[in-house]
Amino acid sequence: MKDLHGTKLITIDMDDTLLHTDKTISEYTVEVLQKACDRGILIVPCSGRAYSGLPAGLKQIQGIRYSINLNGGIITDVLDGRILYENSLSGEDARTIYESLAIFRSPRTVFTDGPALMAQEDREHIREFAFPDMVPYYLSSRTFVEDVFTALHTGAFKPVKITAMIHSNGSDLPIILRELDRYPSFSTTHSPDCFEVTPMGVTKGNGLLTLCKIAGIDREDTVAFGDSTNDASALHAAGFAVAVENAVPELKEIADAVTSTNDHDGVAKFIDRMILQG
């Protein structure tokens, strides 16, 4: 296995990778990530979530400098909240995509460089579609408005990503995957609970490579952790790729190593043993 003691940057997916199934972070994981930060390693959340939706447990860790969000659509300087990079949709494209996703009758969200906007009428269906443990996250991380595009019309926010929730029983996934073919001019991906449409070129992998340029770090000195298909680009881009044991088979196939599950602190165990120790 590659010697990882010179690692300078680590990107970590949140849901089902760093976070336990109940969306918590263990004290052990916080301790390990803090040690990594104290050694000067950049610990970078790399999530489909908006920056505002990152888990509170991460705020305990002193020294986290950057965050890659919306699957690579936005990179934020955590110290002062500045957006260092963004790739947004045009208003016309955002409306077209949003309206076409109405055929699934599932809650839709327009993620912007500010709030994550969801229509009030869609709020009523969150519990119908979401995994139970995700309901509090959806309710707390969305800004509910009467009409999404009226809220966007002021031009105060730029749309970056649009999502439609996948029913928790997975019954609509085959239809949704066929729907992705309708968007050849955009980047599309899916996770267990939703599928996502972003501007072409927006991936976690491109987010990682862009941050490497910003921070002056060689990609070979990076490690990426993930569990789902939307993490594949980050694992391809990183100098070393790690999948958690609960990852989808496709991700394990491209990973350089597989660590324990998210519920057994797989990320922290790997960082502790393979990067910090030695």
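The largest pocket is lined by 27 residues, and those nearest its centre are Asp15, Asp16, Met134, Ser191 and Asp193. Here a pocket is an open set of points on a 1 Å grid over the protein atoms alone, where a 1.4 Å probe fits, with protein on both sides within 12 Å along at least five of seven lines; lining residues have an atom within 4 Å of a point. The space in this pocket is about 400 Å³, the volume being that filled by probe spheres set on the points, with grid points joined across faces, edges and corners. At least two lining residues each come from α1, α6 (135–141), β9 (159–165) and β11 (194–199). Helices (H or I, at least four residues) and strands (E, at least two) are DSSP runs, numbered from the N terminus.

The model is predicted, with local features requiring pLDDT of at least 70 and side-chain atom pairs counted only at pLDDT 80 or more, while totals for chains, interfaces and linings use all residues. Residues are numbered from 1 along each chain as its sequence is written, and side-chain values use heavy atoms, with hydrogens and water left out.

Strand β12 (residues 222–226) has five of its five residues buried, so it is largely enclosed by the rest of the structure. Buried means under 20% relative accessible area, exposed over 50%, and partly exposed in between (1.4 Å probe, protein chains only). Thr222, Ala224 and Gly226 cover one side of the strand and Val223 and Phe225 the other, all of them buried. Two strands pair if DSSP finds at least two bridges between them. β12 pairs with β1 in the parallel sense over four bridges, and Thr11 has Ala224 of β12 as its bridge partner. Four bridges also join β12 to β13 (residues 240–244), again running parallel; in this pairing Gly226 stands opposite Ala243.

Helix α2 (residues 27–38) has 12 residues, which at 1.5 Å a residue should span 16 Å, and its end C-alpha atoms are 16 Å apart, in agreement. The expected span is 1.5 Å times one less than the number of residues. Buried residues of α2 are Thr29, Val30, Val32, Leu33, Gln34, Ala36 and Cys37. These pack against β1 (9–12), α1 (14–18), β2 (42–45) and α12 (266–276), where contact means heavy atoms within 4.5 Å.

An open sheet of three strands runs in the order β3-β4-β5 with antiparallel pairing. Its edge strands, β3 (66–69) and β5 (82–86), each pair on one side only. From one strand to the next the twist averages 20 degrees. β3 and β4 (residues 74–77) are joined by four bridges, and Tyr66 stands opposite Asp77 in β4. Helix α9 (residues 204–215) packs on the sheet and touches β3, β4 and β5, its direction making about 155 degrees with that of β3. Axes are lines fitted to C-alpha atoms, for helices over the stretch in contact, and angles run from 0 to 180 degrees between N-to-C directions.

Most residues other than glycine have a negative phi. Leu70, in the loop between β3 and β4, has a positive phi near 50 degrees, and its 1% relative accessibility counts as buried. Asp265, in the loop between β14 (257–259) and α12, has a positive phi of about 55 degrees although it is not a glycine. At 13% relative accessibility, Asp265 counts as buried.
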